[in-house]
Amino acid sequence: MDAADQNWWRGAAIYQVYVRSFADGNGDGTGDLAGVRARLPYLAELGVDALWFTPWYLSPLADGGYDVADYRTIDPAFGTLAEAEKLISEARDLGLRTIVDIVPNHVSDQHPWFRAALAAGPGSPERELFHFRPGRGENGELPPNDWPSEFPGAPTWTRVPDGDWYLHLFTPRQPDLNWAHPAVRREHEDILRFWFERGVAGVRIDSAALLAKDPDLPDFVQGDTPHPFVDRDELHDIYRSWRAVADEYGAVFVGEVWLPDAERFARYLRPDELHTAFNFDFMTRPWDAAELRRSIDRTLGEHAGIGAPATWVLCNHDVTRTVTRYGREDTAFAFAAKRFGTPTDLALGTRRARAAALLSLALPGAVYLYQGEELGLPEAELTPDRIQDPMHFRSGGVDPGRDGCRVPMPWAADEPYAGFGSTGEPWLPQPVDWAAYAADRQATDPASVLALYRAALRIRRTRPGFGDGPLHWLASPEGVLAFSRPGGLVCVVNTAAAPVELPAHTAVLLTSGPLAATGRLPRDTAVWLRA
Ligand code: GLC
């Protein structure tokens, strides 16, 4: 491997595959590895560098696979380990690297460790792998502490019949592991090796800032530092030893690190820790040039000192789809603000999402795309009786949950279920107009979102100035972002009302929508220029 090859992750375009909803190869209504394998040519043609697969391991799917019962087995709904191995090597042959998703904070309640812990009873060594405690109150009827859940509105402790309680920051079906226990650390390093041996190039670390807990499990006091379970210093030691394992294989990490504090965030990206982490600050900002610029500056600033590349994310399997978010009055993202029936202008949202695509693909660093983003899929509003996401139920039915961005992909306009799978009804219902978004229809339409992504990714791969490297802001009117990248690349994004004059250029490489007759850049449009 030459240096450029080794540094692929510093400027990669990485496509997130939510396996359950990507493509159904066996016609049972659930996406699977056979479906992904059949669509690898589509992904190669799209022009991405790597694929991140959300958890595909054995799981009761109580949280869409983020409840793992066995990391060394593929869930039979998705396929087999042999198929995963084939998929990894076939993808590689097409120039696509594979990233798997590891969920170290918790396991499924069906994981053998947790079943053994339940069977072994209070005070047993088996229970030490988790956070089991007696309750408070006269008869232990109160939970051991008052920690808030990561799925708001629900308890974090569940009592088992013998009287002990166990901690779960997410659902009761996802008991938290005790990361102070050496066996927990050993096991995860072993899991990393298991997948690195199978040729995966990277690992996404789920809930990466939550693993370490204050051993005393004290009550939560707002504003107290250190926090009893978020961003604790002990985590860095864990990730240093993970890094040593990854380095043996030349593999890389991307951490799911939600932290408001830029300095604390950057600590995870020190040279002997994680290679990258998702940049959620950018994802949550509204469609507003000043806000976006603040986020870009903050991001580049926090990364500059540590030498790690930034990442850019517009959406993923947990948040409102981009075209929907940008089509609403409030274009920022916040979990707590999600409601049923929010008015949405999809035409407006789509124009903005197209512009945001060119923006994020031109920024320094790596960029993540979530399946369906390249089709401009909107968030589906599911009726409550079809929702499966525990986040919806744990909120008491107030939060629509995350299934609206997990609806099975439309591949072929004229086939049953828009070509997701030939026979079985998809596990989540597709909206009636889903066929209009089908990949086959968009592939032949030069004005489609898919055509835009293909063109942008092709330019990003073949022309200089993209990915890792410096950014230089250019003077621009209010409401407009303008910056240059190495080699004369210029990106201009207009979020303001009036069309703006383009800076001097020798060529227009790509626009997210038509320029005005005057050659000006209209509102909610972006352009790539060669200066
Ligand atoms: C992460 C995942 C999310 C999951 C949670 C618990 O935030 O992205 O989908 O529900 O962790 O594992």
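In the predicted model, a polar side-chain atom of D63 lies 2.6 Å from an oxygen atom of the ligand, a polar contact being a pair of N or O atoms within 3.5 Å. For D206, the corresponding separation between a polar side-chain atom and a ligand oxygen atom is 2.8 Å, and for S207 it is 3.2 Å. Taken alone, the ligand exposes 310 Å², of which the protein buries 95% (accessible areas by the Shrake-Rupley method with a 1.4 Å probe). The ligand is surrounded by 14 residues, the closest being D63, D206, E256, H317 and D318; a residue is near the ligand if one of its heavy atoms lies within 4 Å.

Because this is a predicted model, local features need pLDDT of at least 70 and side-chain atom pairs count only at pLDDT 80 or more, whereas totals for chains, interfaces and linings use all residues. Residues are numbered from 1 along each chain as its sequence is written, and side-chain values use heavy atoms, with hydrogens and water left out.

An open sheet of eight strands, paired in parallel, has the order β11-β10-β9-β5-β2-β1-β13-β12. Strands (E, at least two residues) and helices (H or I, at least four) are DSSP runs, numbered from the N terminus, and two strands pair if DSSP finds at least two bridges between them. The edge strands, β11 (276–277) and β12 (311–313), each pair on one side only. Strands β2 (residues 50–53) and β5 (residues 97–102) pair in the parallel sense over four bridges, with R97 in β5 as the bridge partner of A50.

Conventions. A polar contact is a pair of N or O atoms within 3.5 Å; within protein, one must be able to donate a hydrogen and the other to accept it, and residues adjacent in sequence count only if both atoms are side-chain atoms.
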